[in-house]
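This report describes selected local features of one protein model. Please consult the sequence and the structure shown here while reading.

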Amino acid sequence: MKDKDLMLFLNSFKEADSDDINKANLNLLSQLIPKNRFIKFDIDITVNQTELNTANSVGVLLYDSSNTLSNVLVVKNNEQFTINHHVGVVSIGDGDDCFIVDDIEQAINLHLNLDALNHSHQIIIAPNRLFNNVVSDFAKKQQVTIFCIMTEKNDYLKRFDGANVKLISLIDPCYNDNLFKYPSFQSFLLDADFVDTHIDCRFGTWGKLGSIKSTGQYKETTYPLQAFDKCKTAKFAIQALAEHTKVPLAMAAQSVLGVLSHIAQRRVNAPMLNGSVPCSLWLLTQGESGDGKSLVAKWASKAIVDFHTAEKVKYEKEIKAWNRLSQKERDEQSPPVKPKQEYIKKANSVEGLQDLMLVNDTKNIMLSTSEAGGFFGTTSMGKDKLNDSLSTYADLWSDGSFDRVLSQGGKSNSQVLNGHVDNARLTLDLQGQPVILADTLNNDKMNEQGFLVRFLYSFPHIDPLSRMIDEDEERNKIIHDNYMLEFWDVCRKLLELYPDGAIFNEFGDFVRTELKLDSLAQKRYNNYWNETLMRINDKDPRWKQYMIKRLCEQASRIATVLTYFDQRDTITQADFENGILIAEYSLAERVRYGKNPENHITSDLEKVWESLINYCKQNQVEEVDFSYLKNKVVSSKLKAKHIIDPIIEGLTDLNYVKQYKDYSHSKQGKEIIRINPILLKS
């Protein structure tokens, strides 16, 4: 019966009078809620083809958590029952603390006692058969408090595990007899003679989270934050980012390096033994869904986004003013130059990047995305085009040039242009989930053709518990952090200004300069070059050999972006050593990843967990019907009982999920899978 139908149905019955209410022993309740909440049933009624014994009874109207009429509590003699299964309650008061009880007399006494203690409260009376569903429903909107006898504590904890419920476990169930004697409700809770304990069910019984992945002996590499000691502004920003976004230092550092790379690649090149190369960095960071990948990238790149947004706003104002000029004035004045789209947050194909550089003359691009799957999953990275794409990326990395045959218009008679671009720069800051990166990082062609070996890697472990926040933590506090403000200010300054003595070519393009190595840095460069060559072992996988060969170049690029951000024009030995630290960290991380067999094949347990957590986050739910999970959420290959049952048991053992039966709709009950709420917030 729908809400409107219920209202129309109940309108056929008259309001109960005082005699009716007294006979039903509801006199005290009638003094606390409006009289029109009581109706008189003269006859038996039929609901959903079931006849209910309602003749000569009083009905109390029940409302759900949205204050919508949803049910009726029938009171007849000593019997009480509802006319349907919908959540519905009687509410007394509208104070701060919400208490839910299943007995009318006890609810009234609790209300009177709390009034005597001047304790702001609201009492929710939930019919016994609806109690569990009422608690779960109201707990979604606010914390609710319930009582139980200590012998039933574990049952209640299991029942409301993870819910926003405060459970008061009582030694003496007759708490109402003495409650009014205490100076406050808090003092009552502290009385060990009456109260066994009080527990927040959100955190009460889940236990320590296990790890889906077994890292075995391959422990996470410590990130060398000391590499930023000469670049304090960046170092303090990394620490502030990690603190505010609740991510590991490694993840924050990768995003900051991406920002520094984009800023530096616009103005300078990195020194090599025979000439110079772009200082652009390519970064790849692994993180699970909800681990804060996009959040840390957003705040790290704020100055870049603000800079390009300001340029766009300025252009729109100028072009509107130019369009308002007369034709003669427009002929005499060149139109404003449209700013170039240098910062891209959405994954792009190599052809899309080429078009930006060739057609739009955008020579400095930063692609930053937390969905690396979109980048590696483009058609240009597919089997048919992969060789050409990898060749183009290799050219962009090495000297910033490429050739492209570009068809204008896509029509049979369209003009075909041969396009050559040089002096282009590309920073990649890619972040992806393990399930996405596994296929990519184990792609032989991407490894052996030298594409993946150009990346700086980080595979940080993120404990969901490390991302918990204090209940009084200020929203967006990072905006006012002095270290972040200083970092963004330096970013803006370097984005806006050209260095002293800037040179421009005949096309008006800025000519990048090479940061020089001082004499000690040059010696360290030469020695490190030789050291890396001596480390190459034919027994190692080819990707590792290729990465070792590029360590010196990576160190030079890193040292360049750090030195430029520190607004110096010469790389010292200490700068180069700092570049080595980060390059070696990346190699160690990639080796660790390669040695861990679980990184090669995504386990069935991981696949089910990914599907389950993504479904719950996308649909904003905390639990899933087990039958629905098998048939609609996970892959059909995994729904067989002999596969899915052990997986759910495994996730339960790891404290990722809990199983329980919901009997609210059927006697047989439905098997429900509930997600650990900590993992939904991460």
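In which helix is N578 found? N578 is part of helix α22, which spans residues 573-595; helices (H or I, at least four residues) and strands (E, at least two) are DSSP runs, numbered from the N terminus.

The model is predicted: local features need pLDDT of at least 70 and side-chain atom pairs count only at pLDDT 80 or more, whereas totals for chains, interfaces and linings use all residues. Residues are numbered from 1 along each chain as its sequence is written, and side-chain values use heavy atoms, with hydrogens and water left out.

**Surroundings of N578**

N578 has a relative accessibility of 10% and counts as buried. The term buried means under 20% relative accessible area, exposed means over 50%, and partly exposed lies in between (1.4 Å probe, protein chains only). Leaving aside residues up to four places away in sequence, N578 touches Q226, A227, K230 and L562, where contact means heavy atoms within 4.5 Å.

**Salt bridges**

A search of the whole structure finds 24 salt bridges, each being a side-chain nitrogen of Lys or Arg within 4 Å of a carboxyl oxygen of Asp or Glu. Three of these pairs are listed below.

| Pair | N to O distance |
|---|---|
| K40 and D20 | 3.4 Å |
| R524 and E577 | 2.6 Å |
| R568 and D566 | 2.8 Å |

K40 and D20 meet in a salt bridge. K40 lies in strand β1 (residues 38-41) and D20 in helix α2 (residues 18-23), so this pair ties together parts 20 residues apart in sequence. K40 is buried at 14%, and D20 is buried at 11%.

R524 forms a salt bridge with E577. This pair links helix α19 (residues 519-535) to helix α22, the two residues being 53 residues apart. R524 is buried at 16%, whereas E577 is partly exposed at 28%.

R568 forms a salt bridge with D566. Salt bridges that share partners join K230, D566, R568 and D575 into one network. R568 is partly exposed at 24%, and D566 is partly exposed at 27%.

**Positive phi values**

N118, in the loop between α4 (104-116) and β9 (121-125), has a positive phi near 55° although this residue is not glycine. N118 is exposed at 73%. Q567, in the loop between α21 (551-565) and β24 (570-571), has a positive phi near 60° and is partly exposed at 42%.

**Cysteines**

The whole structure contains zero disulfides, a disulfide being a pair of cysteine sulfur atoms within 2.5 Å. The sulfur of C148 is 8.7 Å from the closest cysteine sulfur, in C201, and therefore too far for a bond. C148 is buried at 4%, and C279 is buried at 0%.
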